[in-house]
Amino acid sequence: MWRPWGKSPTRVHDTSSPSSIFSCSSFKDIENLCSSDESTQSHQLVPAPKRTYVVFHRVRAANSLLRAWSTARPPALPEPETDAAKRHDQSPPVISIPGAEKRIVVYFTSLRVVRSTFEDCRAVRSILRGFRVSIDERDLSMDSSFLSELQQILGQRKLTLPRVFIGGRYVGGADEVRQLHEMGELKKFVEGLPAVEPGVCDTCGGICFVLCDDCNGSHKLYSEKGGFKCCTSCNENGLIRCPSCFSPSDY
């Protein structure tokens, strides 16, 4: 385009003209440019596939599966019949006292050193005496040989008192006797045992021990040759078991 007449004939390009943009270009280049622009615009308009939801769903499903595996327990394997039969046959051994099938045997203590033990022993003896049957009361505080005897029967070193045997078979301690008595089952245990007449022994007065005839209760014997020596007929207290309360098989 030329400036109006009368001014300098300098040629100025019009930037608003489309030809200035595509100067020195052919129609083929124009066609290529147009097609590339359209493809770029169409590529920008097409939204990208939404993969976020698919990934989130897979992660949630995997977590659910892992939680199920962690909480599930493997099924228990069936126990062999031979082991089950052996375990069923292994019943606890029966603890008994030979020669005491016709009476009750009670191991207790008359010392008040431990108040709870003394109260348990007194309560059990009171319950058993109410049935009016033969009772063999063995006081560990009067004769230490009763302790070793009870340990050998039960196979234990540390023992609590009292311990009760009915008809020669072991019943238990204070808790077991109280429970059986409250349920009315203790009466069935003592059925068939010989009854005793009310009263106390004329020989010992119910203590079940008398003074030793050899040492007169001193537990010491004197001889001119050997001096003093311990009596072998009595215990450390100088006492022997009452012959009216205990049978010779109990010694």
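Buried means under 20% relative accessible area, exposed means over 50%, and partly exposed lies in between (1.4 Å probe, protein chains only). The model is predicted, so local features need pLDDT of at least 70 and side-chain atom pairs count only at pLDDT 80 or more, while totals for chains, interfaces and linings use all residues. Residues are numbered from 1 along each chain as its sequence is written, and side-chain values use heavy atoms, with hydrogens and water left out.

**Exercise 1.** Determine whether Leu 111 is buried, partly exposed or exposed, and locate this residue.

*Solution.* Step 1: the relative accessible area of Leu 111 is 47%, so the residue is partly exposed. Step 2: Leu 111 sits in the loop between strand 1 and helix 5 (115-129); helices (H or I, at least four residues) and strands (E, at least two) are DSSP runs, numbered from the N terminus.

**Exercise 2.** Classify the aromatic pair of Tyr 107 and Phe 146, and state which elements it joins.

*Solution.* Step 1: rings of Phe, Tyr and Trp (its six-membered ring) pair if their centres lie within 6.5 Å; planes under 30 degrees apart count as stacked, over 60 as edge-to-face and the rest as tilted. Step 3: for Tyr 107 and Phe 146, the values are 6.4 Å centre to centre and 80° between the planes, an edge-to-face pair. Step 4: Tyr 107 belongs to strand 1 (residues 104-108) and Phe 146 to helix 6 (residues 145-154), so the pair ties together parts 39 residues apart in sequence. Step 5: Tyr 107 is buried, at 0% relative accessible area, and Phe 146 is buried at 0%.
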